[in-house]
Amino acid sequence: MKLIIANKNYSSWSLRGWMALKAFNIPFEEIKLSLSTEAFYKELAQYTPIGKVPVLLDGDLSIWDSLAICEYINETYLDGKGWPADKHLRARARSIVADMHSGFFGIRNEMPMNCRAKRRVELSDQAKKEVDTLDRVWTELRQHTPNGPYLFGEFSLADAFFAPVIFRFKTYGIELSDAAARDYQQTMLAHPAMKSWLEDSVIETDIVEAGEAGKPV
Ligand SMILES: N[C@@H](CCC(=O)N[C@@H](CS)C(=O)NCC(=O)O)C(=O)O
């Protein structure tokens with residue numbers, strides 16, 4: 001398979017699709033395009049009418065959108081093991097992933113993913129409320145699913161979905177209130193795939209203005 005992504009420093013949606021494949025050891029070739037360039041839209045036009053990354057190419061199939069990619073690999077390569085085995089936990093995992101996919105606009109707009117940077121931002125009440133929500137959700141999940149250090153115990157597609165927020169909180173120095181949520185954050189940052197993504201981000205030189213927010217620390 002081939003996964004088309006964009007600049008690792010900035011492309012949060014790319015990271016979700018990429019983590020889903022990497023963390024489950026599914027082999028793929030990575031094709032990286034530079035955001036907002038002519039080449040980006042020209043190359044993508046062959047595979048998606050939407051013109052956004054990530055795009056997964058599997059033979060003659062082209063799958064775009066991070067959540068669609070997760071569901072595709074879950075049913076095609078993971079035999080359903082991408083989500084928690086327990087029905088209740090699976091419903092919970094899908095619910096929080098859908099929330100992340102369709103919401104949290106305060107966090108997304110005010111704290112763009114910028115993996116290599118250290119910044120401070122003045123957050124709106126909306127963004128603060130969203131940070132509190134994630135803090136609470138992560139804490140609660142970590143306290144109730146003890147069979148492993150991830151949100152649902154073992155690594156699941158839900159963790160792939162929260163990977164960009166983990167980097168965002170690191171970049172903007174967001175402090176989580178509970179030890180369980182902080183442990184989760186550290187577990188994610190120590191994941192070999194997250195470390196590898198960060199290493200690649202740091203050596204990128206492109207600057208995408210829309211991804212630069214806040215004051216350098
Ligand atoms: N809903 C999509 C969002 C994809 C998306 O917005 N991707 C951004 C990259 S971070 C993109 O390709 N932006 C290019 C553009 O809008 O020109 C998903 O889940 O994959």
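Which residue in β3 is the bridge partner of Ile 4? The bridge partner of Ile 4 in β3 is Val 55. This pairing belongs to a predicted model, in which local features need pLDDT of at least 70 and side-chain atom pairs count only at pLDDT 80 or more, while totals for chains, interfaces and linings use all residues. Residues are numbered from 1 along each chain as its sequence is written. Helices (H or I, at least four residues) and strands (E, at least two) are DSSP runs, numbered from the N terminus.

**Strands**

Two strands pair if DSSP finds at least two bridges between them. Strand β1 covers residues 2–6 and is mostly covered, with 4 of its 5 residues buried. Here a residue is buried if 20 or more other C-beta atoms lie within 10 Å of its own, exposed if 12 or fewer, and partly exposed in between, with C-beta atoms placed from the backbone.

| Strand pair | Bridges | Direction |
|---|---|---|
| β1 and β2 (residues 29–33) | 5 bridges | parallel |
| β1 and β3 (residues 55–58) | 3 bridges | antiparallel |
| β3 and β4 (residues 61–64) | 4 bridges | antiparallel |

β1, α1 and β2 together make a right-handed β-α-β unit. Right-handed is meant in this sense: with the strands pointing away from the viewer, the path from the first strand over the helix to the second runs clockwise. β3 and β4 form a hairpin with 2 residues between them. In the turn of this hairpin, Gly 59 has a positive phi of about 60 degrees.

Lys 32 lies in strand β2. Lys 32 counts as partly exposed because it has 16 C-beta neighbours inside 10 Å.

**Backbone features in loops**

Pro 54 is located in the loop between α2 (38–45) and β3. A cis peptide bond joins Val 53 to Pro 54, with omega at about 5 degrees.

Asp 65 is in the loop between β4 and α3. Its phi is positive, about 85 degrees, although Asp 65 is not a glycine. Asp 65 counts as buried because it has 20 C-beta neighbours inside 10 Å.

Phe 104 is in the loop between α4 (87–102) and α5 (105–110). Phi of Phe 104 is near 55 degrees, again a positive value in a residue other than glycine. With 19 C-beta neighbours inside 10 Å, Phe 104 counts as partly exposed. Lys 32 and Phe 104 are 72 residues apart in sequence, and their C-alpha atoms are 26 Å apart in space.

**Ligand shell**

The ligand is surrounded by 14 residues, the closest being Ser 11, Trp 13, Lys 52, Asp 65 and Ser 66. Helices α1 (12–23) and α3 (66–76) each supply at least two residues of the shell. The largest share, 3 residues, comes from α1.

By class, the shell has 6 nonpolar, 6 polar and 2 charged residues. In this count Ala, Val, Leu, Ile, Met, Phe, Trp, Tyr, Cys and Pro are nonpolar, Asp, Glu, Lys and Arg are charged, and the others, Gly among them, are polar.

**Nonpolar core**

A nonpolar core is a set of buried Ala, Val, Leu, Ile, Met, Phe, Trp, Tyr and Cys residues joined through C-beta atoms within 7 Å. The largest one has 56 residues, and those with the most contacts inside it are Met 19, Ala 20, Leu 157, Ala 158, Ala 160 and Ala 163. Helix α7 (residues 157–171) gives the largest share of this core, 10 residues. The core lies between domain 1 (2–80) and domain 2 (87–199) because both give residues to it. The domain bounds come from an automatic or database domain assignment.

Thr 171 is placed in helix α7. Thr 171 is buried because 22 other C-beta atoms lie within 10 Å. The C-alpha atoms of Thr 171 and Gly 148 are separated by 26 Å, with the two residues 23 apart along the chain.

Definitions and conventions
A residue is near a molecule or strand if its C-beta atom, placed from the backbone, lies within 6 Å of it.
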